[in-house]
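Please consult the sequence and the structure while reading.

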Amino acid sequence: MTDTVLYETAGAVATITLNRPAALNSFDREMRADLAAATARARTDVAVRAVVLTGAGRCFSAGADLKAGFKSGVEIEQILNEEYRPSLIDIAEMDKPVISAIHGFAAGIGLSYALVCDLAVMAEGAFLLCPFSSIGLIPDGGSTWLLARAMGYMNAYQLAVDNERLPAARCRELGLVNKVVADDEPLASARAWAATLAGKAPLALARTKKLMRQAATHSYADAITSEAALQHLCFDSADSREGISAFLEKREPRFTGA
């Protein structure tokens, strides 16, 4: 990993920072590779229980670095599948909650990274932008799925074709982000939230994430069955016994992920 992506830990929280501030954290080949390495590291590090994703400098990310140039549509397809997909899937599928800390703006595939996270904290002066149609392209990085699932078809399609800047307050109304905070607070707020989540039962958080990620494609009956099977595993865990004991003894639980 080079310095286009920074990886740091504090306690059980890892912070991944997109670090090309002079280029508004736009993605070039090196940053795509570095981010994939960082998300893989966070996914497999047993000491990490929660992750924060943010950007250095003025914004979260301006999306793909168009100045780098592309040779063909075939190359674009390959880059999306082989270079962006691994880190996006890591975020979506890792057993740990991932929180995006959005300041300035998140645009293009930067929007996809902001929204694929499980939770989002956004600066009150920040905005989201889906600019693809203005350059004859379509939303990518899974953003068609993410936007439609969060906002509903009509709102998502409007955002994609109108290229409108969506301010933080409206993002909160539409359910795209969880919290809107002062412009200088997204990272601190996301880290504090991550630290709180890191103290909760890891197995319960992981299995809740898995079930809710599946919710869009599962029937209600399937959800009941899946919940029952995973609740069985949770109830038989040491963390469940610790949680129940702590509740009865009126003390803070000490979860180990076992």
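Q: What is the relative orientation of α1 and α2?
A: In this predicted model, helix α1 (residues 29-44) and helix α2 (residues 73-93) pack with their axes 8 Å apart, at an angle of about 25°. Angles under 35 degrees count as roughly parallel. The orientation of α1 and α2 is therefore roughly parallel.

Q: What is the handedness of the crossing of α1 and α2?
A: The two helices pack at an angle of about 25°. The crossing of α1 and α2 is left-handed.

Q: How many nonpolar, polar and charged residues has the contact of α1 with α2?
A: On the α1 side, Arg29, Arg32, Leu35, Ala36, Thr39, Ala40 and Arg43 take part. They meet residues of α2 including Glu75, Ile79, Glu83, Tyr84 and Asp90. By class, the contact of α1 with α2 has eight nonpolar, two polar and seven charged residues.

Q: Is arginine 32 buried or exposed?
A: Arginine 32 lies in helix α1 and is one of the residues through which α1 meets α2. Its relative accessible area is 5%, and buried means under 20%. Arginine 32 is therefore buried.

Q: Which side chain does a polar contact of 2.7 Å join to that of arginine 32?
A: Not counting residues up to four places away in sequence, arginine 32 touches Phe27, Ile79, Glu83 and Tyr84. Ile79, Glu83 and Tyr84 are among the α2 residues that meet α1. The polar contact of 2.7 Å joins the side chain of arginine 32 to that of glutamate 83.

Q: Is glutamate 75 buried or exposed?
A: Glutamate 75 is found in helix α2. With residues up to four places away in sequence not counted, glutamate 75 touches Arg29 and Phe70. Because its relative accessible area is 17%, glutamate 75 is buried.

Q: How far apart in space are alanine 192 and aspartate 90, C-alpha to C-alpha?
A: Alanine 192 lies in helix α7 (residues 186-198) and counts as partly exposed, at 45% relative accessibility. Asp90 is one of the α2 residues that meet α1. Alanine 192 and aspartate 90 are 102 residues apart in sequence; in space, their C-alpha to C-alpha separation is 22 Å.

Q: What is the orientation of α3 to α4?
A: The axes of helix α3 (residues 109-116) and helix α4 (residues 143-151) cross at roughly 50° and come within 9 Å. That angle makes the orientation of α3 to α4 oblique.

Q: How many nonpolar, polar and charged residues are in the contact of α3 with α4?
A: α3 passes α4 in a left-handed crossing. Leu111, Ser112, Leu115 and Val116 in α3 meet Ser143, Leu146 and Leu147 in α4. The residues of this contact divide into five nonpolar, two polar and no charged.

Q: How many of the residues of α3 are buried?
A: The buried residues in α3 include Leu111, Ser112, Leu115 and Val116, which meet α4. Ile109, Gly110, Tyr113 and Ala114 are also buried. α3 is mostly covered, and its buried residues number eight of eight.

Q: What is the orientation of α8 and α9 to each other?
A: The axes of helix α8 (residues 202-214) and helix α9 (residues 220-235) come within 11 Å and cross at roughly 170°. Angles over 145 degrees count as roughly antiparallel. The orientation of α8 and α9 to each other is therefore roughly antiparallel.

Q: How many nonpolar, polar and charged residues are in the contact of α8 with α9?
A: Leu203, Ala204, Arg207, Lys210 and Leu211 in α8 meet Ser226, Glu227, Leu230, Leu233 and Cys234 in α9. The residues of this contact divide into six nonpolar, one polar and three charged.

Q: Is asparagine 25 buried or exposed?
A: Asparagine 25 lies in the loop between β2 (13-18) and α1. Although it is not a glycine, asparagine 25 has a positive phi of about 55°. At 0% relative accessibility, asparagine 25 counts as buried.

Q: What is the relative accessible area of asparagine 163?
A: Asparagine 163 lies in the loop between α5 (153-162) and β8 (165-167). Asparagine 163 is not a glycine, although it has a positive phi of about 55°. Asparagine 163 is partly exposed, and its relative accessible area is 23%.

Note on methods:
Residues are numbered from 1 along each chain as its sequence is written. This is a predicted model: local features need pLDDT of at least 70, side-chain atom pairs count only at pLDDT 80 or more; totals for chains, interfaces and linings use all residues. Side-chain values use heavy atoms; hydrogens and water are left out. Helices (H or I, at least four residues) and strands (E, at least two) are DSSP runs, numbered from the N terminus. Buried means under 20% relative accessible area, exposed over 50%, partly exposed in between (1.4 Å probe, protein chains only). A polar contact is a pair of N or O atoms within 3.5 Å; within protein, one must be able to donate a hydrogen and the other to accept it, and residues adjacent in sequence count only if both atoms are side-chain atoms. Contact means heavy atoms within 4.5 Å. Axes are lines fitted to C-alpha atoms, for helices over the stretch in contact, and angles run from 0 to 180 degrees between N-to-C directions. Angles under 35 degrees count as roughly parallel, over 145 as roughly antiparallel, 65 to 115 as roughly perpendicular and the rest as oblique. A crossing is left-handed if the near helix is turned anticlockwise from the far one by less than a right angle, and right-handed if clockwise. Ala, Val, Leu, Ile, Met, Phe, Trp, Tyr, Cys and Pro count as nonpolar, Asp, Glu, Lys and Arg as charged, and the others, Gly among them, as polar.
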